[in-house]
Amino acid sequence: SSPAPHNLPFPPGFQIKSQQSEVTRILDGKNIKYELVDISQDNALREEMRAKAGNPKAIPPQIVNGDHYCGDYELFVEAVEQNTLQEFLKLA
């Protein structure tokens with residue numbers, strides 16, 4: 001029998017970084033302009049992100065258009081798959 005798969009330890013923030021790259025790759029591919037906000041060094045920005053998300057434990061990436069909260073990574077991917085990204089991003 002084959003050995004059981006191991007859960008390899010990823011460095012802290014690895015999943016966040018890979019999700020963020022996926023979001024930026026998709027937005028770049030669709031020529032949608034965006035601004036990345038790095039909350040890792042700034043607690044005030046982190047709190048602002050969590051307030052917009054309405055979740056005190058929210059982790060990046062969270063997608064916001066101005067003052068309009070769009071959603072998290074899972075909702076972003078779902079919108080891409082369902083071809084509703086414009087609506088998700090509040091651009092339509």
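In this predicted model, helix 1 supplies the largest share of the lining of the largest pocket, with 6 residues. The pocket holds about 970 Å³ of space. Its lining comprises 30 residues, and those closest to the centre are Glu35, Leu36, Val37, Gln62 and Val64. Helix 1, helix 2 (43-53) and strand 1 are the elements that give two or more residues to this lining. By residue class, the lining divides into 16 nonpolar, 7 polar and 7 charged residues.

Helix 1 also packs against helix 3. Two packed helices are described by the angle between their axes and the distance between the axes. Here helix 1 spans residues 14-29 and helix 3 spans residues 73-81. The angle is about 35 degrees, and the axes lie 11 Å apart. The crossing of the two helices is left-handed. On the helix 1 side, the contact is made by Gln19, Glu22, Val23, Ile26 and Leu27. These residues meet Tyr73, Glu74, Phe76 and Val80 of helix 3. The contact residues comprise 6 nonpolar, 1 polar and 2 charged.

Strand 1 (residues 62-65) pairs with strand 2 (residues 68-72). The pairing is antiparallel and runs over 4 bridges. Valine 64, one of the residues closest to the pocket centre, has tyrosine 69 of strand 2 as its bridge partner. Asparagine 65 is bridged to histidine 68, also in strand 2. The two strands form a hairpin with 2 residues between them. Within this hairpin, glycine 66 takes a positive phi near 65 degrees.

Two further backbone features fall in loops. Most residues other than glycine have a negative phi, and most peptide bonds are trans. Asparagine 31 is not a glycine, yet its phi is positive, at about 55 degrees. Asparagine 31 is found in the loop between helix 1 and helix 2. Proline 61 is placed in the loop between helix 2 and strand 1.

Technical notes: Residues are numbered from 1 along each chain as its sequence is written. This is a predicted model: local features need pLDDT of at least 70, side-chain atom pairs count only at pLDDT 80 or more; totals for chains, interfaces and linings use all residues. Side-chain values use heavy atoms; hydrogens and water are left out. Axes are lines fitted to C-alpha atoms, for helices over the stretch in contact, and angles run from 0 to 180 degrees between N-to-C directions. A crossing is left-handed if the near helix is turned anticlockwise from the far one by less than a right angle, and right-handed if clockwise. Contact means heavy atoms within 4.5 Å. Ala, Val, Leu, Ile, Met, Phe, Trp, Tyr, Cys and Pro count as nonpolar, Asp, Glu, Lys and Arg as charged, and the others, Gly among them, as polar. Two strands pair if DSSP finds at least two bridges between them. On a 1 Å grid over the protein atoms alone, a cavity is a set of points where a 1.4 Å probe fits but cannot get out, and a pocket is an open set with protein on both sides within 12 Å along at least five of seven lines; lining residues have an atom within 4 Å of a point. Grid points are joined across faces, edges and corners, and a volume is the space filled by probe spheres set on the points.
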